[in-house]
Amino acid sequence: MEMKLTIKRVPTIVSNYQEEAAAERPRGGCGKNCLGDCCLPVSELPVYAFKANPTKLPASQEHAVPSNVFIDLLLGQWEDRMTQGLFRYDVTACETKVIPGNLGFVAQLNEGRHLKKRPTEFRVDRVLQPFDAAKFNFTKVGQEEVLFQFENGGGDDSYFLKSAPTTVADRAPNVVAINVSPIEYGHVLLIPRVLDRLPQRIDQESLLLALHMAAEAASPYFRLGYNSLGAFATINHLHFQAYYLTVPFPVEKAATQRIPLADDGMKSGVKVSKLMNYPVRGLVFEGGNTLNDLADVVSGACIWLQENNVPYNVLISDCGRKVFLFPQCYAEKQALGEVSQELLDTQVNPAVWEISGHIVLKRRDDYEEASEASAWRLLAEVSLSESRFEEVKAYIFDAAGLVQSLAEEETGEADDAIYTPVTVAPQAVTEGCLVLQ
Amino acid sequence: MESSGGAPPAEERRLLAASLTARYSDWVLEELDELPGSFLLTDPAMSGHPIVYASRGLASLTGYRPRDVLGRNARLFQGAATDRAAVAGVRDAVRCQRAHQVAILNYRRDGAPHWVLLHVAPVFHAHDGRVLHFLAVQVPIAAAPRRRAAPCRRPPVFAACREEARVEEELPCASHAGEAFVDIDKRGLETTRWLEAGEPRVASGCDKEKALSTANSIFSALNRYSKLTGLVVCGKRCDSAGIPALSSSLNLSLGRIKQSFVLTDRHLPDMPVVYASDAFLSLTGYSREEILGCNCRFLNGPGTSLEVLEEINRNICCEQACTVHLLNYRKDGLAFPDLLHVSPIRNASGKVGLHPFQVAFHVWVHLDESIKHDFNGLSPEVWQLGAVGAVRVAVRSLSASGSLLRPSQ
């Protein structure tokens, strides 16, 4: 049969209930107030109900909600959990810097994030794996790690309920939980339909939920990210991550080249571009008449990738208006022994945040010596080759119902493009306005 | 009853007391009497810059009872062997209206010399910046353990003596007697002084803390009672020019936070306000210029609980967050019940100050509990913590240089 490709790495702990030791905690039956069928259906959690139809991706944010309940709620609850000592370390004490250079990679020295533990084996050649209830999953998380439920309010306005029974509507609740090994302040996990125990795989509905969250936060500095299995997801239970970083991500500043679409592809209003002059090749989807349209197109692409065993990462940016898709192959290379020892020694697992340009380093030496060149070198290993990328892109287009127009490509240069430095984000950045292209 | 110290006549005493009670309410004297420690208040506006108040603790330290010193100038504590340079330093600080600390040799009422740490600080009128009083705190300095064979520091005037002494034989520091006989003509007077002074003493960190703490208590007391007469005082001339400007990106990020809060910087003298949100200005009625650079105590008044202030201070020192309820006062004197959350904010850029990852600021989030608020369903506590979170996020915003301050700093 097919050879199994695996790598060994130390998984990131995202919940205090994740380590094996947690199972030994004195918890009778299930008085532990978890998120499983035993506890959740009879629990009451705060509910944030998002608006069903966010005003069509407002071009400007002048009328942006001055009082943003979502942000206050998320940050306030997060701060509250900080005071309760639920996090494994104080992320605000982690040294962080912007690496001088054109793209401005952000490096963080975080010695507490990575455990000095025995690495576990991860299978990297199967992007879709069945849910395994024996392994850690989010139904085992204690409710104190949950901040609130995130549900569709069905109306024009969003609202917040301090507590509501979790059996709202006929679907399993979506919950927002803290990541106890945060990369940044406010790092949370969005777990759609937690009780349904979905494996880590994107579908239209879950992606749409994530887009709604980005829209609700209404800040270009609040991004969501997704890692497929094989692209450094730690837990095979459907989840997205999100946090605040008040600087533009390097990938958001990189140049892009619009891919002209035939008229058919225009009806959804989604535009697609290719990332230029960035170490990892990727696609950028933006616009869409509604969030739904954007979710349709992007999830179509993701579904193809996961069904064809191409690991990938997704970054949702710009309040849900822009989605970056990165097929990657680092884990496969690692399993095949094709990654240099030097890179392996940094122990950086290039997941969505690293690919986007926020790199968490474990060793001080790596941090002190971090440069744009070293970041580029690492990320370049993650990228699919040009030919492979083009191949995958063609399949993705097909799957997502996009047709590349046969119009003359605007530029002939691909990789030979002279690097055109992009203007660094303007001094005064108004909410909802990132300088790109 | 006549005291040998010559207490001022009743009329004069009344005038001296008025120096205080005209500015602060009558209760201020009682309040000051409760404070431990040895300290004075002087009035630079009155002729001779007299002492207008002396604490109860003065007698045990100096032998002078308050009424012995009222109306007299504070130089009465100095004497023959008091280092002239130290005195000049104090005089200069008074002239320049700034705080000053110096170890100085003072004399008790019975003539015995003793070393004290003298902490002098001006009390400013918060609005027009004029100096209302000076406070002078005296903290006794214990003798340091004798050091053997260490070279003595001596004032240059004795250089000649030393040399001559060296010619004779190497005299250990401990023996002053040898020096005294070397030359007693015109140097005799200085020699005597030096004899009395002995080894100059150095105040310990503990002494300095004590002095500062006493000074702070005095300020708090003055402030609490100044409210009744509509006066705000502070320990620093409230002039924002002294505050390092925050970087524009930080200012911008902070500006988006709608809660009522200030940021203070513990590393600057008297922990001044370095940022105030618009909501805070609306809540309290002050303008930004009035409060930037001042310590938060301008919010306190007669009804502000001392215990609560103590609790806040304790938590600040331990770098812990706390939530308290206390009575604070708007500029117009109106009191309001304040739900106050204070929390340390770390800086992780590694570039601010000498100590990276240290607490960069403290955030003080205020909430007027007497007003009905609509937090869209959030509890007041979560709403406040939301402000803290937003400040943390803002402080972690990085400029290219990684500094939280404007480039010129």
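## Helices α5 and α11 in chain A

In this predicted model, the axes of helix α5 (residues 291-307) of chain A and helix α11 (residues 386-400) of chain A come within 8 Å and cross at roughly 125°. That makes α5(A) oblique to α11(A); angles under 35 degrees would count as roughly parallel, over 145 as roughly antiparallel, and 65 to 115 as roughly perpendicular, with the rest oblique. Axes here are lines fitted to C-alpha atoms, for helices over the stretch in contact, with angles running from 0 to 180 degrees between N-to-C directions. Helices are DSSP runs (H or I, at least four residues), numbered from the N terminus.

On the α5(A) side, A:Val297, A:Gly300, A:Ala301, A:Trp304 and A:Leu305 meet A:Val392, A:Tyr395, A:Ile396, A:Ala399 and A:Ala400 in α11(A), where contact means heavy atoms within 4.5 Å. Sorted by class, that contact has nine nonpolar, one polar and no charged residues. For the classes, Ala, Val, Leu, Ile, Met, Phe, Trp, Tyr, Cys and Pro are nonpolar, Asp, Glu, Lys and Arg are charged, and the others, Gly among them, are polar.

## α5 also packs on α3

Helix α3 (residues 204-217) of chain A and α5(A) pack at an angle of about 130°, their axes 9 Å apart. That makes α3(A) oblique to α5(A). Contributors from α3(A) include A:Leu207, A:Leu211 and A:His212, while α5(A) brings in residues including A:Leu294, A:Asp296 and A:Val298. The contact of α3(A) with α5(A) divides into eight nonpolar, four polar and one charged.

## Where chain A meets chain B

Chain A puts 35 residues into the contact and chain B puts in 26. About 2600 Å² is buried between the two chains, with carbon and sulfur atoms giving 61%; buried area is the accessible area (1.4 Å probe) lost when two parts are put together, summed over both.

Helix α2 (residues 69-83) of chain A packs against helix α14 (residues 380-395) of chain B at about 90°, with axes 7 Å apart. The two are therefore roughly perpendicular. This contact has nine nonpolar, four polar and four charged residues.

There are three salt bridges across the interface of chain B and chain A, counting a side-chain nitrogen of Lys or Arg within 4 Å of a carboxyl oxygen of Asp or Glu. The side chains of A:Glu79 and B:Arg392 form a salt bridge at 2.7 Å, N to O.

## Ground rules

Residues are numbered from 1 along each chain as its sequence is written, and chains are lettered from A and ligands numbered from 1 in the order in which they are written. Local features need pLDDT of at least 70, side-chain atom pairs count only at pLDDT 80 or more, totals for chains, interfaces and linings use all residues, and side-chain values use heavy atoms, leaving out hydrogens and water.
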